[in-house]
Amino acid sequence: MKQQLPKRSDVNVSHTWDIHSIYANDQVFEDAFTKLEGDVKEFVVKYEKRMTDAYIITNALNDMKNIYNAMTSLSAYASLQSSVDGASEANQMRSGKASIRLQKIYKQIDFFDNELKKVPNKVILEAIKFDGSNQVYLEEMLAYKKHTL
């Protein structure tokens, strides 16, 4: 006999996640998305076609970490609610709109890796020395550069 998964409302709360630990409500979620979109615009203006030295690369990577952290939280908030109740039109709309907005953000920051690949290895090695927290990422970039045209 097949067993069906229980509805979330029938599951013990201690076995569920609290989506509001990410954002208190949808308005805070929307505000965070709007802030991220503004931060991304600033990131593009600040760093596009400016990857010239270790200091700039380090600052860009640190700013990029903040962008990716925000994107992860926004994505989780939207998708987890949809996972809980896929039949909810509100959850589906939130998830769909978030996906569209995140894709636009990915397109805006796409320049970053492409420009970093063009930076001389010497400068990337200087950036590793400047801030070791980016070492793994930059070493992977150096390895990847060997295989790009």
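Figure 1. The largest nonpolar core holds 36 residues, and Phe43, Ile57 and Phe112 have the most contacts inside it. A nonpolar core here is a set of buried Ala, Val, Leu, Ile, Met, Phe, Trp, Tyr and Cys residues joined through side-chain atoms within 4.5 Å; buried means under 20% relative accessible area, exposed over 50%, and partly exposed in between (1.4 Å probe, protein chains only). At least two residues of this core come from each of helix 1, helix 2 (54–84), helix 3 (89–109), helix 4 (111–118), helix 5 (121–130) and helix 6 (135–145). Helices (H or I, at least four residues) and strands (E, at least two) are DSSP runs, numbered from the N terminus.

A word on the model: it is predicted, so local features need pLDDT of at least 70 and side-chain atom pairs count only at pLDDT 80 or more, while totals for chains, interfaces and linings use all residues. Residues are numbered from 1 along each chain as its sequence is written, and side-chain values use heavy atoms, with hydrogens and water left out.

**Figure 2. Zooming in on Phe43.** Skip the neighbours within four places in sequence, and Phe43 is in contact (heavy atoms within 4.5 Å) with Glu48, Ala60, Asp63, Met64, Ile67, Ile109, Phe111 and Phe112. Phe43 is also one of the buried residues of helix 1.

Figure 3. Phe29, Ala32, Phe33, Leu36, Val40, Phe43, Val44 and Tyr47 are the buried residues of helix 1. Looking down the helix axis, these residues fall within an arc of 110 degrees, so they line one face of the helix; the arc is that of the directions from the axis to the C-beta atoms. Over on the other side, Lys35, Lys41, Glu42 and Val45 are exposed.

**Figure 4. The start of helix 1.** Asn25 caps the N-terminal end of helix 1, with a side-chain oxygen 3.0 Å from the backbone nitrogen of Gln27. Helix 1 itself covers residues 26–47, 22 residues in total, and reaches 31 Å from its first C-alpha to its last. That is close to the 32 Å expected at 1.5 Å a residue, where the expected span is 1.5 Å times one less than the number of residues.

Figure 5. Lys49 sits in the loop between helix 1 and helix 2. Lys49 isn't a glycine, yet it has a positive phi of about 65 degrees. Lys49 is exposed, too, with a relative accessible area of 69%.

Notes. Polar contact = N/O pair within 3.5 Å; in protein donor to acceptor, adjacent residues only side chain to side chain.
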